[in-house]
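Please look over the structure shown here. The report that follows takes it chain by chain.

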Amino acid sequence: MKMNVLVRVTLLCLLLLSGTARAVIETYEFSDPELEQRYRQLSTELRCPKCQNQNIADSNAPISQDLRKLLYQQLEAGANDEEILDYMVARYGEFVRYRPRFSGATAALWLAPVLLLLVGITAAVLTLRSRRGQRGGAATLNGDDEQRLQDLLGKTEKNS
Amino acid sequence: MAPRLKLFLPLILFVAMAAFLFRGLSLDPQALPSALIDRPLPEFSLPVLGQEQLIQRSDLVGEVALLNVWATWCVSCRVEHPYLVQIAGDGVPIYGLNYKDDDAAAARWLAQLGDPYRANIADREGSLGLDLGVYGAPETYLLDAAGVVRYRHVGVVDERVWQTILQPLYLELTGKSSGG
């Protein structure tokens with residue numbers, strides 16, 4: 001019984017430890033839950049300029065901490081999403097957004113998936129068509145076979 | 001003829017892909033284009049390192065100069081420091097931006113290793129760094145006489161970087177054809 005209590009206490013301690021281990025990234029108190037929602041949204045959409053393949057929500061680089069703090073301050077100051085993104089882009093370039101604005105430089109990025117999809121559909125349609133054409137050609141029967149087919153069809157019709 | 005060509009399609013695709021990947025080998029994925037190139041240096045008003053006195057944007061403007069972002073916690077800054085001292089000795093004006101650092105540690109650093117800077121801006125909170133789009137030290141900005149950012153180098157400024165990239169631009173901006 002005593003052992004059991006000890007095990008339970010140990011487990012509880014481990015559980016508490018895991019909580020602190022996960023809380024490495026600082027938390028901010030928002031005055032409005034809607035702001036917190038937007039903070040989550042924007043921090044996953046902004047890219048860490050230093051680590052490049054992480055968003056600022058996931059990264060623990062000093063620059064990401066600064067950007068999160070800035071994001072928090074701007075949200076609390078009442079800036080809208082567009083203003084915040086403009087502010088970030090003015091400093092770190094379009095690179096900082098995971099969803100860059102559509103422009104001459106990013107046109108290829110935005111249009112490539114659509115173009116590739118169209119190419120794929122076209123290729124698929126052309127392939128299927130040529131196959132159907134072949135099958136259609138092979139489906140013409142000679143006189144004897146045609147006669148047998150009609151006989152068989154006639155039989156099944158009588159049976160049913 | 002058409003089916004023959006089809007046979008070569010995988011080869012053509014492979015060659016095209018290989019060309020792209022080969023190009024990728026010589027690209028630096030860490031190099032980001034600065035959003036600030038050909039734009040004026042942002043306004044600021046920050047204390048001079050180790051003093052109460054404030055330094056403004058207007059104090060830096062007026063001649064072609066380098067703005068070097070450094071900190072005592074930055075290992076690469078220690079690597080480039082002797083070279084900065086050397087080019088400052090050749091008469092290149094360098095301003096320092098002491099980025100998110102401790103003033104006392106920075107003063108010790110300059111006392112020990114030499115001070116190549118005309119003046120040091122103490123950006124303790126990193127606010128000017130943010131306006132400049134700094135994402136790690138060291139970074140070096142080349143300013144023209146009107147205070148417009150003309151070039152940004154991320155990483156250590158050594159002899160190679162200075163002679164191949166920064167010095168030609170510097171000389172072009174100062175209007176000197178050769179010699180510093």
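## Chain A

This is a predicted model. Take the contacts in chain A between residues at least 6 apart in sequence: 41% of them join residues at least 24 apart.

Chain A has six helices and zero strands. Read from the N terminus, its elements run α-α-α-α-α-α. Chain A holds 160 residues, and buried residues make up 11% of them.

## Where the chains meet

Chain B touches chain A. On the chain B side, 10 residues take part, and they are in contact with 12 residues of chain A. Sort the chain B side by class and you get six nonpolar, three polar and one charged residues.

## Asp38 in chain B

Asp38(B) is not a glycine, yet its phi is positive, near 65 degrees. Where does Asp38(B) lie in chain B? Asp38(B) sits in the loop between α1 (2–25) and β1 (45–47).

Is Asp38(B) buried or exposed? Asp38(B) has 10 within 10 Å, so Asp38(B) is exposed.

## Lys100 in chain B

Lys100(B) also has a positive phi, of about 45 degrees, although Lys100(B) is not a glycine. Lys100(B) is found in the loop between β4 (94–99) and α4 (103–113) of chain B.

Why does Lys100(B) count as partly exposed? A residue needs 20 or more C-beta neighbours to be buried, and 12 or fewer to be exposed. Lys100(B) has 19 inside 10 Å, so Lys100(B) counts as partly exposed.

Note on methods
Residues are numbered from 1 along each chain as its sequence is written. Chains are lettered from A and ligands numbered from 1 in the order in which they are written. This is a predicted model: local features need pLDDT of at least 70, side-chain atom pairs count only at pLDDT 80 or more; totals for chains, interfaces and linings use all residues. Helices (H or I, at least four residues) and strands (E, at least two) are DSSP runs, numbered from the N terminus. Two residues are in contact if their C-beta atoms, placed from the backbone, lie within 7 Å. Ala, Val, Leu, Ile, Met, Phe, Trp, Tyr, Cys and Pro count as nonpolar, Asp, Glu, Lys and Arg as charged, and the others, Gly among them, as polar.
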